[in-house]
Amino acid sequence: MPLTLPQLERHLFKAADILRGKMDASEFKEYIFGMLFLKRCSDVFDQRREAVMAQERAAGNDDIEVIKSAELKRWYGQSFYVPPSSRWQYLVNEAHNDVGGFLNRALGGLESNNSSLAEVLEHIDFSRKVGQSKIPDIKLRQLISHFSSYRLRNEDFEFPDLLGAAYEYLIGEFADSAGKKGGEFYTPRSVVRMLVRLIKPEQHHSIYDPCVGSGGMLILAKEYIDEHGGDGTRADLCGQEANGTVWSIAKMNMLLHGISSADLRNEDTLAEPQHVESGELMRFDRVLSNPPFSINWGTTDTDRNGQNVWAPRFSAERFKYGQVPLGAKKADLMFLQHMVAVLRDGGLLATVMPHGVLFRGGEERSIRAAMIKADLLEAVIGLPAGLFYGTGIPACVLVMRQRQGNHSGKPAERQGKVLFINADREYAEGRAQNHLLPEHIEKIVNTYENFAEVPGFSAIVSNATLAENDHNLNIRRYADNAPPPEPHDVRAHLLGGVPKAEVQAKAALFAAHGLDPLALFVERDAHYVDFRPELATRQTVKPAVETNAGLMAREQAVRDAFDAWWQAHSPRITALAGAPSFVGLRSELLHSFSAALEPAGVLGRFQVRGIVAGFWDDAKYEFMTLMARGAKGVVDAWRTSILTAMDDEQSKHNPLDHKLVKFLLAEFVEALANLEARKAERDSQIKAATPDKGTGEDGEEAEPSGDEPAVDEAQLKEWKRQLGALKKEIKAKEQTFAQRLNAAVDALDEAGAAALLLAILRNDMQVILERYISAQRQQVVAAFENWWDKYRVTLTDIEAKRDGAAAILKDFLRGLRYV
């Protein structure tokens, strides 16, 4: 069976567990990445070597000649030549003592025999001291044994880019566990997707990231090109990274994604830009980056002659809009100027920046003013707080376009203007950090693409207005998304009733859901309504909304539109089987789904598009498997993942919860659930019937109280017998799970697997749709519950309660003869 993505992810995470505790993630990540890269190179080399030896034998050469010929480097031009001491089997057989030394020599041999790996692996030192000691040989042997579990040839993977996908997963896991240090090499993928969509890279573009980190931005740019009909591996991908270890990770990341042509350099971008041709800075069509926030700009150190030692190359060319004071923690706009300087005429950049660059004074204000005057700034996008590792402060995205000679490079309708987008409320809360959902990205990108003013979200401001405001780019100053104050009607607070004006303000929400508010209200007078008499408590409001005929009909219309859309477009999914790519499919699904569901109401434009985008992100790797191995291959991959998880004692995933099991073994799952319910019932009966003696004051067991219900001893014994029998029955049934799953999967032909795949994917999308519908419905419920909370209890009611309480108190005091 092919190696699946969940399998490989678990495999890599377990490798990290071997070193976890000895050091933190920020320290051991390079060892895991280095080991993975070495194993992959060795396995691919072995595959090619076997093919060469077979070819030489077929040519009539004897065994000695075959082995000698297979060692020639000329055979391995399309892969890496792995010398004998770097081959995995050699390490398995020989590396028992000084294992770190063996691994270092293996990486060194691989690097020295392949010019494209020059200096890439030298940063990884398995003999380096961590704290007071080196990694013990036993731990490194465990790593070697662990990585020996799976062969990593292309033919072993469920889809071609499996290793790249797993590598990205591992980088994300390391960033998550590294906390603050994770932000040094990893930008959350939702933010990267947004940046890539803002600049829209194409195959013929040169794309550059001056702070490349682990390479995620360039990889997602490559994937964007692939999804839009190009070949991302043929794009000119360039980047620079100051940290040598992180640069190594980025290089390996590119190679494991099949990108061998990426030009990544290792040096401080501000001091020593490395992308230089014929003594001049190289220029790029697209730039995207997430530079480190507010690091020092240079240094105030001087040499023995009193001359400052900070002398960045191409300073006049790169920093012509101004410089901040040396040594100040304000290098942000220096990074930005570098990006602008390396843009081709009309080129586009999108970069993450801290909010301080928008409004800080001094030299930074002068730099802002000069760049705005040059009409470089096209958009300022405010992001939510808590998106990035290592900082909870909100950040922003600046979109800038290089000039065309002496003229603005912006489209004519955007010249002399800046679009401000305030998206700091567009997020979903996570466990450790917030996230941008697909609907948020759709809203931001669509607003930018249309250069649109959206009340409470975006605004277009002229450069002249910015100049009048001293070039202050504070987003809320121009695009204030603060919610309006909660209205309070004094008469309603005093006398009751809900103001019709407040109900009318929610008319658009109710109309979208097909709900007539008078279904829950009755007229009080010309300006107020009351809740219907049958709605006597707050608890009755929610059911009244959820069972409203108009609302239910509108929601059903959305579901019917979804069913019709799925019937029409789902065949495009199964048509991916054997296809070379899924070019155009995402766009087709997005536009057709929007056209089908938006007219039905309930959900807004960006929510509808977010459903498709979220579905695509969730199913993308399954689509890749479908293209590589057909529908049966997807089902086989699911089965493999389920059975692997069963064998993993540390796995937190219940195999019965997997979507394949729920569809393919529904009766089995239901029968097992019924047995579990009966077991729980018997267990609770036994516990209730068994008195809890507790302990007395002297620590001795207390006697059971006499008023506890007595249970017949025979009955209790029978319940315990039944409980034991149920446990045995459940265990026996669970032991047949793997056999039942294998039999059900093996019984599927390609057509049956395709039908099952579509049913499961449809359910996946239906779940996302229902989540969005429920969230929208809750907004309607919240509106009515808010009116109940505000106006249901009037001043008259409060006074009556007060008077009643006073009367009771007076009677009580009179009874005590105090009055």
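Trainee: In what order do the three strands of the open sheet lie?

Mentor: This is a predicted model, where local features need pLDDT of at least 70, side-chain atom pairs count only at pLDDT 80 or more, and totals for chains, interfaces and linings use all residues. Residues are numbered from 1 along each chain as its sequence is written, and side-chain values use heavy atoms, leaving out hydrogens and water. Strands are DSSP E runs of at least two residues, and helices are H or I runs of at least four, numbered from the N terminus; two strands pair if DSSP finds at least two bridges between them. The pairing is antiparallel, and the order is S14-S16-S15.

Trainee: Which are the edge strands?

Mentor: An edge strand here pairs on one side only. That applies to S14 (498-499) and S15 (521-523).

Trainee: Which residue of S16 stands opposite Phe-521?

Mentor: S15 and S16 (residues 528-531) run antiparallel and are joined by three bridges. Opposite Phe-521 stands Phe-531.

Trainee: How many residues of H9 are buried?

Mentor: Buried means under 20% relative accessible area, exposed over 50%, and partly exposed in between (1.4 Å probe, protein chains only). Among the buried residues of H9 are Gly-216, Leu-220 and Tyr-224. H9 is largely enclosed by the rest of the structure because its buried residues number 11 of the 12.

Trainee: How many disulfides does a search of the whole structure find?

Mentor: A disulfide is a pair of cysteine sulfur atoms within 2.5 Å. The sulfur of Cys-211 has its closest cysteine sulfur, in Cys-238, 14 Å away, so a bond is ruled out by distance. The search of the whole structure gives zero.
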